[in-house]
Number of protein chains: 2
Amino acid sequence: MQTELSKQLGIEHAIFGFTPFPAVAAAISRAGGLGVLGAVRYTAPDDLRRDLDWIEANVDGRPYGLDVVMPAKKVEGVSEADVEAMIPEGHRQFVADTLAKYGVPGLAEGEAAGWRITGWMEEVARTQLDVAFGYPIRLLANALGSPPADVVRRAHEQGVLVAALAGSARHARKHAEAGIDVVVAQGYEAGGHTGEIASMVLTPEVVDAVDPLPVLAAGGIGSGQQVAAALSLGAQGVWLGSLWLTVTEADLHSTAVTRKLLAAGSGDTVRSRALTGKPARQLRTEWTDAWDDPHGPGTLPMPLQGLLVAEAVSRIQKYEVEPLLGTPVGQIVGRMNSERSVQAVFDDLTRGFEHAVDRINRIAGRSARP
Amino acid sequence: MQTELSKQLGIEHAIFGFTPFPAVAAAISRAGGLGVLGAVRYTAPDDLRRDLDWIEANVDGRPYGLDVVMPAKKVEGVSEADVEAMIPEGHRQFVADTLAKYGVPGLAEGEAAGWRITGWMEEVARTQLDVAFGYPIRLLANALGSPPADVVRRAHEQGVLVAALAGSARHARKHAEAGIDVVVAQGYEAGGHTGEIASMVLTPEVVDAVDPLPVLAAGGIGSGQQVAAALSLGAQGVWLGSLWLTVTEADLHSTAVTRKLLAAGSGDTVRSRALTGKPARQLRTEWTDAWDDPHGPGTLPMPLQGLLVAEAVSRIQKYEVEPLLGTPVGQIVGRMNSERSVQAVFDDLTRGFEHAVDRINRIAGRSARP
């Protein structure tokens with residue numbers, strides 16, 4: 001499964017895997033794709049350094065990438081404390097009441113909330129970049145908006161391709177103007193932050209909008225048939241995130257979140273502002289229901305919402321409070337019904353892709369094999 | 001472009017075209033697809049008879065089909081007047097106020113509202129069926145739920161395949177249990193009544209759910225690339241509706257609605273209950289905004305909403321009141337940028353399909369041509 005972009009990156013399959021877990025990223029690259037480590041949760045540079053060292057040692061010399069979150073709108077000189085002060089007391093009370101209602105225990109004294117909003121702030125993203133540029137990453141992706149010009153320049157000086165996620169052709173064109181190299185067209189059905197346009201419509205629209213830049217299709221892809229469909233739409237590869245949440249290499253292995261993911265159907269996600277303040281697809285839970293309830297206080301804008309709920313989400317995760325326990329994930333969760341190794345997922349994707357190509361050739365009246 | 005289903009129906013391309021316009025249905029069948037006439041607006045049996053006669057005379061002996069709307073839940077012995085009486089006065093006032101605000105003129109004395117709710121009611125659908133079974137239709141589709149057992153039986157006795165639209169695997173399985181022959185998997189991005197699951201995820205899910213029944217993919221399909229993608233997902237054909245709204249054969253030709261459709265982007269639709277009381281994708285207008293406004297009265301459940309707004313919609317259409325003027329249409333509207341003949345659309349679809357198959361073969365490392 002080779003496109004111009006996969007050849008340029010020297011990978012065997014045009015499959016890009018986004019994951020917050022170093023072991024999964026390395027396994028994706030070893031399997032012939034491009035593993036892309038999500039950096040958002042690394043607030044301490046040393047933690048990121050440690051995990052990139054680990055990837056370097058475990059990737060068998062294959063290329064890999066890093067995904068950072070630099071919001072498009074830069075907020076100069078605003079600290080986390082400034083943002084904290086903007087959160088209304090009623091919202092804090094709603095968080096406390098909801099946690100109390102479900103009997104969610106508190107964290108121990110001095111125990112840090114695992115997932116912090118700080119990863120969303122530009123200073124942190126820049127610190128992550130300073131670390132990352134010390135490693136031979138091949139791709140730098142930005143999940144929110146176009147990266148700043150100096151970051152693009154620095155990446156290009158080091159031979160690093162820059163990718164950015166887009167939920168509309170308009171966003172994609174802005175990325176192209178910012179000088180990036182690859183657009184990830186993220187459809188409505190994708191996990192995490194998404195727009196309203198579904199992959200079937202979005203992918204070719206973005207391909208046309210940024211031609212000749214290569215486009216990766218994201219959203220709704222978890223089988224070889226779906227890989228074939230995405231490539232039929234003009235993509236030069238696929239960008240998969242959700243699918244790796246239930247692999248055996250993931251840190252989530254055998255946790256309550258994984259059990260919920262394995263049990264969920266494609267209709268069990270919701271595009272909610274509960275997590276960050278911007279619409280992000282995730283498992284629908286009693287937690288998202290509480291925030292989306294028209295009789296509740298509603299969500300706050302980014303970055304307030306993420307800061308407001310960070311500790312609560314950590315507590316829910318730590319104590320595995322099932323009714324409230326969720327995770328960002330796409331509609332493809334309906335297909336994620338067993339825990340498999342990354343290699344087994346790749347075998348399934350590539351075999352399914354070949355079968356889909358056989359079938360489309362039969363439909364087109366061509367011989368199925370060369 | 002041949003699948004088992006297209007062979008069974010004796011059509012050249014596995015392209016099914018749903019349209020409310022007889023001239024478009026006939027042109028689709030003549031071009032080698034299967035034209036399917038939407039019957040919902042035919043409240044008078046003679047009108048339907050006249051138009052089916054016309055299709056018979058203009059279809060060059062090619063097969064065609066009919067689409068009726070029989071709600072899954074049967075309401076016994078309820079007349080239109082009974083339903084009228086259930087509409088709150090405040091909602092009627094909101095309609096009147098909104099029309100007055102935009103200066104929408106009234107209809108002339110005795111002038112019938114064009115699109116009436118009655119087409120949704122079972123008596124009317126059954127009258128449509130009595131007419132339709134007098135013609136050599138090859139496919140009978142039901143847009144809301146599974147058709148009643150006696151209708152399926154009668155269709156099968158006449159050698160008519162029965163299709164039903166489904167927005168989830170669960171609905172598709174119910175259709176299969178009801179004995180239908182073809183499931184149309186209608187994705188989130190489609191025009192008209194849709195569920196939440198996007199085509200990329202829904203199509204293979206429905207294919208697996210009803211195997212070995214054939215599945216048609218609907219939603220987001222307007223190019224040969226998208227046809228190739230849908231067929232890659234396991235569909236035995238594609239079901240297109242929106243794309244025919246702007247063909248030169250359509251009754252809408254050169255109207256204000258067509259101008260709005262040609263100008264709209266993929267982000268200019270909304271899934272709103274404004275039209276019928278169930279979520280249906282349509283052009284976003286100041287009319288849909290008024291109904292979706294949290295400060296407004298909100299929509300009524302089906303069939304009340306459709307009955308409530310029928311006359312208003314007719315007036316908006318007749319006088320082409322631009323800010324309020326809409327139509328059901330899918331996200332593919334972003335690709336509908338010129339008025340072309342049905343044959344030109346088919347040429348584009350089949351040529352684009354061949355190119356997409358060439359490309360996927362190159363990516364798979366196979367020779368592009370047999």
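Predicted model: local features only at pLDDT ≥ 70, side-chain atom pairs only at ≥ 80, totals over all residues.
Another stacked pair is formed by B:Trp244 and B:Phe346, because their ring centres are 5.8 Å apart and their planes lie at 25°. B:Trp244 is in the loop between strand 9 and helix 11 (256–263) of chain B, and B:Phe346 is in helix 14 (residues 342–363) of chain B, so the pair ties together parts separated by 102 residues in sequence. Here B:Trp244 is buried, at 1% relative accessibility, and B:Phe346 is buried with a relative accessible area of 1%. In chain A, ring pairs link A:Phe94, A:Trp287 and A:Trp291 into a cluster.

Rings also meet charged side chains. A:Arg281 lies over the face of A:Tyr188, 4.4 Å from the ring centre. In chain B, B:Arg41 is placed over the face of B:Tyr42, with 5.3 Å to the ring centre.

How do the two chains relate to each other? Chain B is superposed on chain A by a rotation of 180° with 0.0 Å of shift along its axis, at an RMSD of 0.0 Å. This is the relation of a two-fold axis. In chain B, the C-alpha nearest the axis belongs to B:Ala229, at 1.9 Å from it. Both copies use the same surface, for 100% of the contact residues of chain B recur in chain A.

The contact between the chains involves 48 residues from chain B and 49 residues from chain A. Between them, chain B and chain A bury about 4,000 Å², with 55% of it on carbon and sulfur atoms. B:Met200, B:Ile363 and B:Arg366 supply 19% of the area that chain B buries against chain A, which is more than any other three residues supply.

Within chain A, the domain assignment gives domain 1 (1–75 + 121–246) and domain 2 (80–113 + 254–338). The C-alpha centres of these two domains of chain A lie 25 Å apart. Their contact takes 19 residues from domain 1 and 20 residues from domain 2 of chain A. The area buried between these domains is about 1,600 Å², and carbon and sulfur atoms give 62% of it.

Which helix of chain A is largely enclosed by the rest of the structure? Helix 2 (residues 22–30) of chain A is, because seven of its nine residues are buried. These buried residues are A:Pro22, A:Val24, A:Ala25, A:Ala26, A:Ala27, A:Ile28 and A:Ser29. They pack against strand 1 (15–19), strand 2 (34–38), helix 3 (45–58), strand 3 (64–68) and helix 14 of chain A. Just after helix 2 of chain A, A:Gly32 adopts a positive phi of about 110°.

Helix 14 (residues 342–363) of chain A contains A:Leu349. A:Leu349 is buried, with a relative accessible area of 0%. Beyond its neighbours within four places in sequence, A:Leu349 has contacts that include A:Ile15, A:Val227, A:Leu240 and A:Trp244. A:Ser223 is 126 residues from A:Leu349 in sequence, and their C-alpha atoms are 5.3 Å apart in space.

Some details of the backbone complete the account. In chain A, the peptide bond from A:Met302 to A:Pro303 is cis, with omega near 0°, and A:Pro303 is in the loop between helix 12 (286–292) and helix 13 (304–318). In chain B, the bond from B:Met302 to B:Pro303 is cis, with omega near 5°. A:Glu320, a residue other than glycine, has a positive phi near 45°. A:Glu320 is in the loop between helix 13 and helix 14 of chain A and is partly exposed, with a relative accessible area of 31%. B:Asp60, which is not a glycine, has a positive phi of about 55°. B:Asp60 lies in the loop between helix 3 (45–58) and strand 3 (64–68) of chain B and is exposed, with a relative accessible area of 62%.

Terms used:
Residues numbered from 1 in each chain as written. Chains lettered and ligands numbered in written order. Heavy atoms only, no water. Phe/Tyr/Trp six-rings, centres within 6.5 Å; stacked < 30°, edge-to-face > 60°. Helix = DSSP H or I, 4+ residues; strand = E, 2+ residues; numbered from the N terminus. Buried < 20%, exposed > 50% of the residue type's maximum accessible area, 1.4 Å probe, protein only. Lys NZ or Arg CZ within 6 Å of the ring centre and 35° of its normal. Least-squares fit on C-alpha atoms with pLDDT ≥ 70 in both. Contact = heavy atoms within 4.5 Å. Domains from an automatic or database assignment. Buried area = accessible area lost by both parts, 1.4 Å probe.
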